[in-house]
Amino acid sequence: MIIRIDDCEVNGGLLHNFGDKIHTDLSPIRGSPYFNVTYIVNNQPTKVFQEQRYNMTYPDEQRLMNYILKGYEKSVRPVRNASTAVKIKMGLTMTQIFDMDEKNQVLVTNVWLDQEWMDEFLRWSPTDFNNITTLRIPCDKIWLPDIVLYNNAAEYTDGLMSANAMVKPNGEVFWPVPAKLQSSCKVDVTYFPFDEQRCKLKFGSWTYDGFQVDILNRTSEVDLDNYVINGEWEMLSITIQRNVVYYQCCPEPFPDVTFYIHIRRRTLYYMYNVVFPCIMMSALTLLVFCLPPDSGEKIALGITVLLAFSVFMLAVAENLPETSEFVPLISVYLTIVMSLTSISVIMTVLVLNLHHRGPNRQEIPLWMRRIVLGKLRQFFCVNNSNSPLVTTNETKFLRSMSLKMTLDNIAQELQNEMQMENGMADTIVTDNQGTSIHSPRDVRFNSLQNENLRRSRTKSNRGHSYSRINDEILQSLRSVIDKHEREDHDYEIIQDWRRVAQVVDRILFWVFFLGTLISTIIVLVICPTFR
């Protein structure tokens, strides 16, 4: 009998069979009633036979995975000595700045998190498994470090992508994880839209201290080869720094790796949509002082510009964080321009008051006439006439003299006409020296006429009636002339107040022009440049 035993154990001279198949071959002994029994015992390990059987049915990677994961516990740190720390090498590949939410102060980025460590339980000999040097294992089957983003602004339940981990024969594990991170970032909008932001991504173990899991920098620089340029933010720099922090809860150190991101806002969009409209609306404020007061639209234009600034400021405030810690430059500029516009409306009311003060028949004070209509009018070139200005008193004197001469001429003409109608007009001859000479014929004619007048009472009464009519005519003319003088006087008062309003309008134009120009240069040019 021949028996083949694959697995057996010899104990105290007894053979214990552990095989599942025994081959028996009995051969009789020649010349004897006994038989020969042959035992074939194989002392090779069980695992080798199992592998020999698996070689015929399973692929190499599956055999390797079954080999290294047999008895593997993923909840235990991959070190044989409990006092040994697992060193995690942390790296980052920045692919895109997805968004910067200034209102909620959240930075959204797309990155690849590179983590590398040594696992003492994931080792094999490549020659035993057809020279396999890298094995990709699902991450949920091996031990993973509990690395979290400390300044995470999203829910922790989102988790990371279940990417495979790449394992090498010496136990080196490399786990690259693509992730979309939402990190809290303190946004400083003081120089908006010329601001720069500095954010950080702080990674560290949540439960393991530095004696159990030590985090190190995998590289000295962040990989930016796959970075996609953002249209709103420009990447200036990104650096890596390892920190060791001691918290109040625990005496052990907690290391972390922090990535500092320095970005700057691209200003072209905001120049066309924020800054330039502000400057153009500031120019509209100056047009309030260029509009004539008689148009009746000065105050309406000022209030319209003020309302436009208010609406525009509300639109800008919607994209800014609701904080009192920082005040944006654009808000400061809008506040300054709105203040200037409000003052311009008040000054416009003053100008209109001066413009329409003439009908009250209140003359301009002497000091105002000397300062406003004198020096300031010439300084601001309100009147470019080269002829000397005639004062009001001289104008009144010349006008009154001309009117009196006109009235005397009219009275003399009426007197002459009355005398001619009564036949009593003397013919006056004047020599070259201006002496009146009466001819004898005229003397006799006058004497005869005087005698006829004494005789005729009707002619005398007619003369008295003509004299009374002439007096009434002269009185009417004097009243007309007096009215004309009053109207001229009132007109001059109105014109003087209008000239004062015109000079004040010109002064306010230059004052507000300089104020707007200086505030624009300081707030929008100097402050962002020398911050």
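This is a predicted model: local features need pLDDT of at least 70, side-chain atom pairs count only at pLDDT 80 or more; totals for chains, interfaces and linings use all residues.
Local features require pLDDT of at least 70 and side-chain atom pairs pLDDT 80 or more, while totals for chains, interfaces and linings use all residues. Residues are numbered from 1 along each chain as its sequence is written, and side-chain values use heavy atoms, without hydrogens and water.

Strands are DSSP runs of E of at least two residues, helices runs of H or I of at least four, both numbered from the N terminus. Two strands pair if DSSP finds at least two bridges between them. β9 and β11 (residues 164-167) run antiparallel and are joined by 4 bridges. L135 has V167 in β11 as its bridge partner.

The model holds 10 salt bridges, each a side-chain nitrogen of Lys or Arg within 4 Å of a carboxyl oxygen of Asp or Glu. K186 and E325 form one at 3.0 Å, N to O. K186 sits in the loop between β12 (172-184) and β13 (196-205), and E325 in the loop between α4 (298-317) and α5 (329-355), 139 residues apart. Both residues, K186 and E325, are exposed (relative accessible area over 50%; buried is under 20%, partly exposed in between; 1.4 Å probe, protein chains only).

R242 bridges to D214, with the closest N and O atoms 2.7 Å apart. R242 lies in β15 (residues 233-245) and D214 in β14, so the pair ties together parts 28 residues apart in sequence. R242 is partly exposed, at 33%; D214 is buried, at 16%.
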